[in-house]
Amino acid sequence: NGIVKSVRGAHGGYYLNKEISQITVGQILRILEGSFAPVECVSDDDKKICCENESKCLTKSVWGKIKNSIESVVDSITIQDLIEDYHDFEKNDNFMYYI
């Protein structure tokens with residue numbers, strides 16, 4: 001999906017194809033896990049399965065709002081954000097262990 005590229009050869013491997021500030025958690029999760037839809041009828045999938053009550057279903061809009069909210073959150077977080085959060089957490093790490 002264009003997030004990583006591969007390079008062949010002795011110094012080859014896999015590398016990020018975009019800047020970490022341009023890769024969102026949402027992109028990665030969609031690639032690895034698929035849709036964020038909590039139920040099939042609000043999925044973006046072309047093969048989505050809808051029940052016979054779809055036209056009079058009151059909860060479909062609720063499931064759609066939940067899906068949209070999840071997408072909004074994960075699409076707003078970049079890999080750069082995660083790294084910065086990690087560094088902030090590391091600075092404030094004052095754990096002391098006693099045995």
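This is a predicted model: local features need pLDDT of at least 70, side-chain atom pairs count only at pLDDT 80 or more; totals for chains, interfaces and linings use all residues.
View A. The axes of helix α1 (residues 25-33) and helix α2 come within 6 Å and cross at roughly 120 degrees. On the α1 side, the contact involves Val25, Gly26, Gln27, Leu29 and Arg30, which meet Glu71, Val74 and Asp75 in α2.

**View B. A salt bridge joins Arg30 and Asp75.** The side chains of Arg30 and Asp75 meet at 2.8 Å, N to O, and this pair links distant parts of the chain, with Arg30 in helix α1 and Asp75 in helix α2, 45 residues apart. Arg30 is partly exposed at 32% relative accessibility, and Asp75 is likewise partly exposed at 34%.

**View C. Lys67 forms salt bridges with Asp44 and Glu71.** The Asp44 to Lys67 salt bridge has an N to O distance of 3.2 Å, and it connects the loop between α1 and α2, where Asp44 lies, to helix α2, 23 residues away. Asp44 is exposed, with a relative accessible area of 57%, whereas Lys67 is buried at 5%. The closest N and O atoms of Lys67 and Glu71 are 3.3 Å apart, and these two residues, both buried, lie four residues apart in helix α2, about one turn of the helix. Arg30, Asp44, Lys67, Glu71 and Asp75 are linked in a network of salt bridges.

**View D. Val62, Trp63, Ile66 and Ile70 make a nonpolar surface patch.** The patch covers about 300 Å²; Val62, one of its residues, is placed in helix α2 (residues 60-75) and is partly exposed, with a relative accessible area of 45%.

Terms used: Residues are numbered from 1 along each chain as its sequence is written. Side-chain values use heavy atoms; hydrogens and water are left out. Patches are made of residues with over 30% relative accessible area and no salt bridge: like charges are joined within 9 Å, nonpolar side chains (Val, Leu, Ile, Met, Phe, Trp, Tyr) within 5 Å. Accessible areas come from the Shrake-Rupley method with a 1.4 Å probe; for residues, only the protein chains shown count as cover. A salt bridge is a side-chain nitrogen of Lys or Arg within 4 Å of a carboxyl oxygen of Asp or Glu. Helices (H or I, at least four residues) and strands (E, at least two) are DSSP runs, numbered from the N terminus. Buried means under 20% relative accessible area, exposed over 50%, partly exposed in between (1.4 Å probe, protein chains only). Axes are lines fitted to C-alpha atoms, for helices over the stretch in contact, and angles run from 0 to 180 degrees between N-to-C directions. Contact means heavy atoms within 4.5 Å.
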